[in-house]
Amino acid sequence: MADQKLRETPLLDELKKGPWPSFVNDMKKMAERKPMINDLLGQLELSYKEKKGHWKHGGLVGVMGYGGGVIGRYSDAAEQFPACAHFHTIRVNQPSGWFYTSAALRELCDIWDRHGSGMTNMHGSTGDCVFLGTTTDELEPIFAELTAKDWDLGGSGSDVRTPSCCNGMARCEYACYDTMDACYNFTMEYQDELHRPAFPYKWKFKFSGCPNDCVASIARSDMSVIGTWRDDIRIDQAAVQEYADSGMEIRSDVIRKCPTSCMSYDGKEITIDNKNCTRCMHCINVMPKALRPGLDKGATLLIGAKAPIIEGALLATVLVPFIKMDKEDDYQEFKDLIERIWDFWDDHGVNRERIGECIERVGLGNFLEAIEADPLPEHVKHPRTNPYIFYDEYFEEVDDAEAEKA
Amino acid sequence: MAEPAAPRKTDIGPPQYDQFLHPVIKKNYGKWKYHEILKPGVMVHVSETGDKIYSIRVGSPRLISVDVIRMFADMADKYCDGYLRFTSRNNVEFLTDKEGNIDPLIKDIQANGFPVGGTGNSISNIIHTQGWVHCHSAATDVSGVVKATMDDLYEYFVEMKLPHKIKIAAACCLNMCGAVHCSDIAILGIHRRPPQIDDAQVSNVCEIPTTVSSCPTAAIRPTTVEGKQTVKVDGDRCMFCANCYTVCPAMPIADPLNDGISIWVGGKVSNARSEPMFTKLAVPFIPNNPPRWPEVTEAIKKIVEVYAAGAQRYERLGEWIDRIGWPQFFDLTGFEFTKYHIDDFRHAGETFHRSAQIKFK
């Protein structure tokens with residue numbers, strides 16, 4: 001590529017400065033051997049000058065038999081920057097917990113170096129390993145090489161999006177269920193739904209091992225799975241003493257920060273009124289050596305989180321306060337619930353409406369009834385305050401009431 | 001399109017994760033007892049078996065080339081038997097059971113220009129979206145804003161000197177591909193001008209009923225211009241969400257004069273102490289000022305500094321503001337409070353102050 005002149009980018013060059021690693025330095029190096037990145041830099045410089053993006057709206061491209069996993073992207077300034085006229089994205093389904101070996105990463109890099117721009121996102125917001133920038137004729141060869149090495153594409157559009165999870169039991173003592181197994185299991189179970197969009201809109205599964213929620217499932221997933229426990233926090237009083245001896249201010253940093261005031265400390269030992277504990281994780285986060293989640297572990301399922309588009313942002317709502325995440329049973333209870341929810345969504349969802357919005361529209365009570373779940377006080381912050389109640393039925397005759405009694 | 005290679009494999013899913021786990025991790029899977037942060041960016045996890053695994057956390061711009069990934073792979077080979085992972089905030093974590101490898105790895109990775117940190121009471125890596133680099137609906141270029149912001153906040157990544165952690169996220173439009181709506185500090189690209197309608201194109205590339213129904217405020221109506229079916233937008237009802245543009249490419253909304261950045265504060269996803277919270281508006285609009293967006297980075301630094309000075313230990317930004325109150329937050333930061341800070345969309349009333357409990361200056 002010695003014959004292509006490197007683009008001049010005086011504005012972008014300002015971003016080479018400073019201590020944080022610079023994507024501009026990295027892209028400039030790639031531009032020396034990738035005309036596509038050289039022109040991408042040229043186009044980005046133009047955007048910095050004009051304060052405006054230069055990508056056209058979408059474009060349908062993909063690999064045979066899949067409806068998702070590739071996002072078409074075309075430049076609206078192709079005459080000036082022909083090498084990045086086509087600049088499609090490929091989402092590669094990441095391994096659970098984003099664990100890799102150097103050999104696996106090199107495998108992905110080599111495929112991408114052969115067939116694309118060489119630029120990536122490690123990782124995209126949904127969790128995928130994202131390959132940024134290639135042309136339509138490279139899609140099938142890339143797909144063939146990926147699958148030959150046992151990699152597959154992730155989701156895009158109105159399908160199951162690539163599920164993601166925290167590192168769970170692999171490297172975290174807080175994990176209340178095996179997030180990496182669950183994430184892998186659900187990804188494999190729903191391969192068809194992941195690769196062939198057939199829903200009203202996207203569906204995201206995110207698996208967090210504890211209420212710290214390191215994959216932001218409660219903010220970002222239609223089905224949020226957050227590990228929790230039902231029995232007592234385990235206390236190692238000797239370790240409590242060690243923390244105290246090392247200068248930790250247990251009263252101010254732990255006891256007084258407990259949101260339910262269910263803890264006390266007499267200078268020697270911590271006691272916890274576990275009935276009033278909400279499993280918020282604060283005390284455990286501060287003293288992980290001394291306090292641990294209980295042993296009766298499982299997860300809370302929450303439904304319907306999303307960003308603002310269309311009706312406003314939603315946090316997920318409690319659906320099942322506690323479920324055993326049973327590997328041996330292949331998570332069957334959970335999967336049965338998913339089937340009932342998707343049946344309901346198929347019948348009642350409208351185009352580009354996330355499940356959270358759908359539930360708000362039809363009413364949480366009606367939704368629960370439709371998926372055969374009992375209404376519980378855990379489903380609400382508090383019971384309704386307004387008396388405009390949509391009673392399902394009423395008696396028309398005294399006789400009806402009498403018959404009901406009998 | 002090229003012929004597919006035969007035999008064609010499909011629906012195989014990602015590789016099973018077991019093969020990527022360090023032997024010590026595999027052996028102690030589900031047996032971890034506790035962890036400690038040894039210094040910024042370095043954690044040790046200790047198992048019930050007594051085994052230990054060390055994690056060295058390294059910041060990355062997320063937008064990285066295969067050459068950078070290969071450099072990470074080389075580092076992993078040299079110091080970690082080839083094992084590494086990425087975090088949900090786009091950091092890289094090198095995993096080793098050899099304590100003696102920690103400092104040489106840190107030295108080597110720093111020499112390659114990558115910082116070690118992001119653990120405990122620090123500002124971790126910024127989660128962000130594509131921006132002008134790769135997205136058609138971007139109102140700003142988040143890669144540039146994030147780079148400039150992290151340059152400014154570098155000391156808070158490599159040290160752990162804050163009252164508690166700060167999570168920052170950036171999104172280039174209201175689609176928010178990232179947890180911007182629940183971050184301690186959020187940088188959000190916004191449009192401010194109703195879409196420009198290409199009347200000649202609408203009926204060719206858009207489905208008109210879908211376009212009309214895409215509008216959450218019912219601002220879009222079907223109409224006819226010069227004999228062609230198209231749509232019109234009631235500008236007074238438009239709040240610039242760009243949902244119509246997503247379904248109808250003939251309604252571009254990007255506008256160099258009016259696109260820019262808003263700054264939001266006080267969100268969290270963790271359940272620790274308080275329940276998860278949405279971010280709230282701090283600064284409604286800052287015009288795009290590439291390449292380094294100085295007004296944006298200055299505002300963010302201000303927020304970090306007043307929080308660092310005023311918050312109690314283990315108090316997240318949103319919890320601190322809840323305690324001191326929003327009037328004091330605006331006082332301390334010097335940000336102007338405007339009518340734009342007052343919600344007027346669905347459920348706006350839930351955000352009004354409905355008590356006589358007021359702190360006077």
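This is a predicted model: local features need pLDDT of at least 70, side-chain atom pairs count only at pLDDT 80 or more; totals for chains, interfaces and linings use all residues.
Visitor: Where should I begin with chain B, and how many helices and strands does chain B have?

Guide: Chain B has 11 helices and 12 strands, and its C-alpha trace spans about 75 × 75 × 35 Å along the principal axes. Of the 361 residues in chain B, 58% are buried, and the accessible surface comes to about 14,700 Å², with 51% of that belonging to carbon and sulfur atoms.

Visitor: What share of the contacts in chain B join residues at least 24 apart?

Guide: Counting contacts between residues at least 6 apart in sequence, 64% join residues at least 24 apart.

Visitor: How should I read a sheet, and in what order do the six strands of the open sheet stand?

Guide: As a general idea, strands of a sheet pair through backbone hydrogen bonds, and the pairing is either parallel or antiparallel. Here the order is β3(A)-β5(B)-β6(B)-β3(B)-β2(B)-β1(B), and the pairing is antiparallel.

Visitor: Which strands stand at the edges of this sheet?

Guide: The edges are β3 (99–101) of chain A and β1 (32–39) of chain B; each has a single partner strand, so one side of each is left without a neighbour in the sheet. From one strand to the next, the twist averages 25 degrees.

Visitor: How many bridges join β3(A) to strand β5 of chain B?

Guide: Three bridges join β3(A) to β5 (residues 83–86) of chain B, and the two run antiparallel; in this pairing, Tyr100(A) stands opposite Leu84(B).

Visitor: Which strands does helix α2 of chain B touch as it packs on the sheet?

Guide: Helix α2 (residues 66–79) of chain B touches β5 and β6 (92–96) of chain B, and its direction makes about 15 degrees with that of β6(B). Helix α3 (residues 102–111) of chain B also packs on the sheet, touching β1, β2 (42–47), β3 (52–58) and β6 of chain B, and the direction of α3 makes about 15 degrees with that of β3(B).

Visitor: Which residues is Ser156(A) in contact with, leaving aside its neighbours within four places in sequence?

Guide: Among them are Gly68(A), Gly69(A), Arg91(A) and Pro197(A).

Key:
Residues are numbered from 1 along each chain as its sequence is written. Chains are lettered from A and ligands numbered from 1 in the order in which they are written. Side-chain values use heavy atoms; hydrogens and water are left out. Helices (H or I, at least four residues) and strands (E, at least two) are DSSP runs, numbered from the N terminus. Buried means under 20% relative accessible area, exposed over 50%, partly exposed in between (1.4 Å probe, protein chains only). Contact means heavy atoms within 4.5 Å. Accessible areas come from the Shrake-Rupley method with a 1.4 Å probe; for residues, only the protein chains shown count as cover. Two strands pair if DSSP finds at least two bridges between them. Axes are lines fitted to C-alpha atoms, for helices over the stretch in contact, and angles run from 0 to 180 degrees between N-to-C directions.
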